[in-house]
Amino acid sequence: MSTAQQSHQRTESLPDDELRRLYRLMALIRRFEERAEEQYTRDRIGGYLHNNIGEEATVVGLVSALQADDYVITSYRDHGVALAVGASTRAAMAELFGKETGMVHGRGGSMHMLDVQRHFLGGWGIVGGQVPIAAGAALALDYKDSPGAVMCMLGDAAVNIGAFHESLNIAGVWNLPLLTVITNNRYGMGTSVERGSAEPELYKRAASYRMPAERVDGQDLLAVREAAVRLMRLARDERQPCVLECLTYRYTGHSVADPGKGYRTPEEIESWKRRDPLILFGQKLRERGLLDDAAAQAVAAEVEQEVQDAIDFSLQSPDPDPAALYQHMYGAEGDEQFARMAIGAPYGERSIAADWSATPAPPTLPSPPPGQGAGARGN
Ligand SMILES: Cc1ncc(C[n+]2csc(CCOP(=O)(O)OP(=O)(O)O)c2C)c(N)n1
Ligand SMILES: [Mg+2]
């Protein structure tokens, strides 16, 4: 059977409405990210911002494979996952703006979106930091005999972090219900996979842990979904941890701080844009009679309005109260934890700036020998 036929068959197995929903979701993520970058340059968003532009088919295809009892966790490049699990566009945008109405009340920002109710265990800022957490969540599911599995997404560079190996090893030894997905967008900041990885076919790392592994075209939503459905079933039902590598590309720089042009050619970027996930999936829907120019324009107008509404909502939303800065930061025990750190408490500050006048003056140090004073230390 040809690849085209296989792909057609996959399309047929999903209801028309679901196919349209997935297309709209990719369009929403694309527009959300474009407008978020624009809002960042208008100084309405602080910290960093990493977008999913170019990676929509991977993100949406993966999340579409999750079942009600499953969990998902990812890196700081997390806006697409938040929208794909069903968080409201308003709550996601307001989080970027650091507003109280954000999905984590403005405490997380771009890199730390989170929606536990929707089983999204968050975006994580330390490269590879989410992998041991994912293994822990998978262990918890197994320990409690719960149905479901954990899908852990990470970047191509994150596979070279020690925690990746430790986590996959323990997942292999303990048969944890974990699917590790490598979103291979070819670069870790400005370092290509070929420069950074001794084995650039990253899915092959799984052989070290005797796990089944596959590499899939990350620009093809249905191919991603089909592989993820199959491997999640293995993880969920057979307690067989697996690895999936999705080959994709980020069109823009690593983050808003990176123009993304110094380490790759315009030709390379253009060649990937010719395989734009929205165009590829749109073509499939057109072949099935589910999309035409008018419908595509209607979707574009709809998501434009939805994102604009989210921006307006965020602008009008209140900032968090500075006095409540530590609320929600330490889970259910938050107030107690904060009290322990308060001034005068066992683990708290002994004094604050205003009290410094009462602090005894530090002892006078002897003068250093000539040439070894503060200016000579060269720090
Ligand atoms: C432990 C650690 N080292 C370095 C960094 C800085 N850093 C942030 S993102 C990044 C590149 C990661 O690339 P990759 O895993 O391919 O993910 P991508 O950004 O491409 O999605 C680096 C080195 C970090 N956040 N954490
Ligand atoms: Mg990368």
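**View 1. Arg-239 in its loop.** Arg-239 lies in the loop between α9 and β8 (242-247); helices here are DSSP runs of H or I with at least four residues, strands are runs of E with at least two, and both are numbered from the N terminus. Please keep in mind that this is a predicted model, in which local features need pLDDT of at least 70, side-chain atom pairs count only at pLDDT 80 or more, and totals for chains, interfaces and linings use all residues. Residues are numbered from 1 along each chain as its sequence is written, chains are lettered from A and ligands numbered from 1 in the order in which they are written, and side-chain values use heavy atoms, with hydrogens and water left out. Arg-239 is not a glycine, yet its phi is positive, at about 50 degrees. Most residues other than glycine have a negative phi. With a relative accessibility of 16%, Arg-239 counts as buried (buried means under 20% relative accessible area, exposed over 50%, and partly exposed in between, using a 1.4 Å probe and protein chains only).

**View 2. His-119, another residue with a positive phi.** Look for His-119 in the loop between α5 (89-96) and β2 (120-124). Its phi is positive, about 65 degrees, although His-119 is not a glycine.

**View 3. The magnesium ion (ligand 2) and its protein donors.** Asp-156 (OD), Asn-185 (OD1) and Tyr-187 (O) are the protein donors, lying 2.1 to 2.2 Å from the ion. Donors are N, O and S atoms within 2.8 Å of the metal (3.2 Å for Na, K and Ca), and sites may look incomplete because water is not among the atoms. Along the sequence, the donor residues follow the spacing D-x28-N-x1-Y. Both Asn-185 and Tyr-187 are buried.

**View 4. Arg-236 in helix α9.** Helix α9 (residues 221-237) holds Arg-236, which is buried at a relative accessible area of 11%. Leaving aside neighbours within four places in sequence, Arg-236 is in contact with Ala-65, Gln-67, Asp-70, Gly-148 and Ala-149, where contact means heavy atoms within 4.5 Å.

**View 5. Leu-66 and its surroundings.** Leu-66 sits in the loop between α3 (56-63) and β1 (71-75), and at 21% relative accessibility it counts as partly exposed. Beyond its neighbours within four places in sequence, Leu-66 is in contact with Tyr-71, Val-72, Met-151 and Met-232. The C-alpha atoms of Leu-66 and Arg-225 are separated by 9.4 Å, while the two residues are 159 apart along the chain.

**View 6. Helix α2 against helix α11.** The axes of α2 (residues 16-41) and α11 (residues 277-287) come within 10 Å and cross at roughly 160 degrees; axes are lines fitted to C-alpha atoms, for helices over the stretch in contact, and angles run from 0 to 180 degrees between N-to-C directions. The two helices are therefore roughly antiparallel (under 35 degrees counts as roughly parallel, over 145 as roughly antiparallel, 65 to 115 as roughly perpendicular, and the rest as oblique). On the α2 side, the residues that meet α11 include Leu-19, Tyr-23 and Ala-27, and among their α11 counterparts are Pro-277, Phe-281 and Leu-285.

**View 7. Helix α2 against helix α3.** Here α2 and α3 pack at an angle of about 130 degrees, with their axes 10 Å apart. That makes α2 oblique to α3. Leu-22, Leu-25, Met-26, Ile-29 and Arg-30 in α2 meet Glu-56, Ala-57, Val-59 and Val-60 in α3.
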